Every structure is written in structure tokens, then in C-alpha cells.
Amino acid sequence: MNVIWFALFMIGIVVAAATGRIETVTEGVLNGAKDGVLVSFGLISVIAFWLGMMKIAEQAGLVQSLAKLLRPLARWLYPSVPSNHPAMGSLIANMSANILGLGNAATPLGLKAMRELQSLNGYRDTASTAMCTLLAMNTASLTVIPATMIGLRMEFHSRAPAEIVGSTLLATLVATTAAIVLDRFFRRRSIGKTGA
Amino acid sequence: MNVVATVSAFALPVTLATILVVGLVRRVPLYESFVEGAKEGFGTSVNLIPHLIAMMVAVSVFRSSGALGFLMGVLHPLLNRLHFPSELLPLALLRPISGSGSLALVTDLFKHFGTDSFLGRAASTMQGSTDTTLYVLTVYFGSVGIRDPRYAVKVGLLSDLVSVIASVWAVTWMFGK
């Protein structure tokens, strides 16, 4: 991250100097800083509203309701985790929170699942196959309502801020399916290699 | 195609109605819970400010200096052959690395091409459909002291690639070019 940030700045400054347009750097800095503040403030409305609704969803126990439906899927995804182990409960809760778009709730549940998977893990500093699957599910992160993007589009006066919900849903479904397939593929391959 | 457009229009209202009805049935104090949750929204947005300023200043300098235009010029012929819009490449590359960085790039695209253009929609979809892979990997593995992530990095980055391609495809299919 340091490198990228430095590179964006330095390349910008060098190019501006080389092309004799050094004044564009100052302009860029001032405009960028202003936009950063405007966008953050603009997002307060949508983020606050969404977190408010999510608090209701959380207290209504929607995570637990969805967890019941997801249990068979989770057993299939994590064959190495015994189905009555506490890790299975956390894995399912993490998946439910992700699907409901409860990012704030999903992370602590995911980290709890990691601790419980670590107790099943034979090697202290090497990831287990179940951990790799958990990471695949969380990096792809199935998203039903992309609230931040709807908010940002509103701020830039989109005629239909929510029109990207459908395309986002399609893309996230394809990507999550790909993550599951890739995870299976690499898992088989690594098990074949080590014989364990 | 109409089905997807209908899903887009109904997704948010249906989600809100479901949450409210289930909340009411399960006797959640709706109003109080909402206010309690919404309070966190202010802090979340304010915490975003330094990150967004940092990234937007860097992106803005990179663009206004002409460096971005130069990079696009170099990459355009290659990406054109792959039918990938070169304006989206920086976003595709930064998405797995930094959430605030890619949000800055999406904002930049909105400002220059509008939210309802092909690029605006594709950028929205790319940003919204996945999480910041390297951040998630660091936090999850770091929390239990795993140093060898095995194939998890590969799986995360490859599915990001799939997500980018799927986003461009989904937007093209739904809205046309």
C-alpha cells in the first residue's frame, strides 16, 4: 500500500514536471483532498441509514434464521470440520452475516471461526484447508445490497442509483461460485501433493 | 433482461420490508434499534475521511498530471484486443489491495464519465461485488498467527479476476455498451 501511494504521487509529479505542467500537481492535491471530504460526508446518510436497518436485522435474529438454511451447504463446503463442532456454528454465522450485508457483524464472527479452526489445525502457522475455504468465501463476499455504491451513485446524481443491484448480484454470484470451485481445485491438488 | 432490472428495483424495498416485518414479529424495538445502529454510521464515515483524502489526492495528482492518460494510451491497444475498457484497469488492479483506494478510483470515474455511463455502471459493479482480498487475508490470518496461507492468496486473487470479468459482462448484458 505504501509503495502504491508513493508511486501514484511521484509518477504524477515527475510526469507533470517533464511535460511542463507542474501547476497541475497543486491543483490535483487541492481537488483530491476536497473530494475526499465531500465523498466521506456524503456517505454518512446512506451508511447511517443502512447500519440502522442492519441493527434491526441483527436484533431480530435474521442471522440465526438464515444459518438454519445454510447448514447443509456449510457441511459440504467444510468436510474437514465435524458438524457438531463450535467452529461449524461460527462458520455458518459468518456466511449468513455476509449474505445479509452485515459487514460489521461478519468480521468478528469470521475471526471467531478462525480461532476455532485453529484449534482443529495440526500446524500452528500453516493454514488448514477449512481456513482457506473460509477466506475464499470472505474475499469473494457474496453481496445482496451494495449499499455504499448506491450511496455514492446518489451523491453523484445518478438517475437510477439502485440500477446496479442486478449486475452486482450477477457478478458476485459468478465470483463466489468461482471462489468455491477454485478452492476445491487447489485443495485437491495440495492434498494430492503432500499425501495428507 | 427485464427480470434483472426488476430485481434491481425491488431488491432494496423488499429487503427493508422484510427486516421491518421480521423485526416487528420478533418484538424488536424498531425505532430504538435503528437509531442505535445509525449512530455507528457517523463514526464509520468519519473514520473513512483520512483514508479517502490520502487516496483521492494521490489519484487526483496521477490523473491531472497526465500520467493516467499516458498509461491508458500505452495499454489501450492491448486491452482493446481483449475487449476490456482500459479506463477500468486501474480499478481492477487496486480493488483487491485497497478498499478506500478503489473507492477513490470509482469516484474519479463517476466525475469524468458519469454514474449512468457504461464505465460508471461497470465501476459500481466491480466495487460492490467483492471485498478487499488482501485486507481480508491479512486480518483473518493475522488474527491467529498463520504465516503460510497456502493457496488462499491464489484463490482470492483469481476470484477477483473472475469478478472483474463478470462485472463487465453483466453490465454489458444488462445495459448494453
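In the predicted model, helix H2 (residues 30-64) of chain B packs against helix H5 (residues 99-113) of chain B at an angle of about 55 degrees, with the axes 8 Å apart. Axes are lines fitted to C-alpha atoms, for helices over the stretch in contact, and angles run from 0 to 180 degrees between N-to-C directions; helices are DSSP runs (H or I, at least four residues) numbered from the N terminus. H2(B) and H5(B) are therefore oblique to each other, a class left for angles that are not under 35 degrees (roughly parallel), over 145 (roughly antiparallel) or 65 to 115 (roughly perpendicular). The contact (C-beta atoms, placed from the backbone, within 7 Å) involves, among others, Leu48(B), Leu52(B) and Met55(B) of H2(B) and Leu103(B), Ala104(B) and Thr107(B) of H5(B).

H5(B) is mostly covered, with 12 of its 15 residues buried; a buried residue has 20 or more other C-beta atoms within 10 Å of its own, with C-beta atoms placed from the backbone. Among the buried residues are Gly99(B), Val106(B) and Phe110(B). The cover includes H2 and H7 of chain A, together with H2, helix H4 (89-94), helix H6 (118-128) and helix H7 (133-143) of chain B. Just after H5(B), Gly114(B) adopts a positive phi of about 85 degrees.

The contact between the chains draws 86 residues from chain A and 86 residues from chain B. On the side of chain A that touches chain B, H2(A) supplies the largest share, 26 residues.

Residues are numbered from 1 along each chain as its sequence is written, and chains are lettered from A in the order in which they are written. Local features need pLDDT of at least 70 and side-chain atom pairs count only at pLDDT 80 or more, whereas totals for chains, interfaces and linings use all residues.

Technical notes
Helices (H or I, at least four residues) and strands (E, at least two) are DSSP runs, numbered from the N terminus. Two residues are in contact if their C-beta atoms, placed from the backbone, lie within 7 Å.
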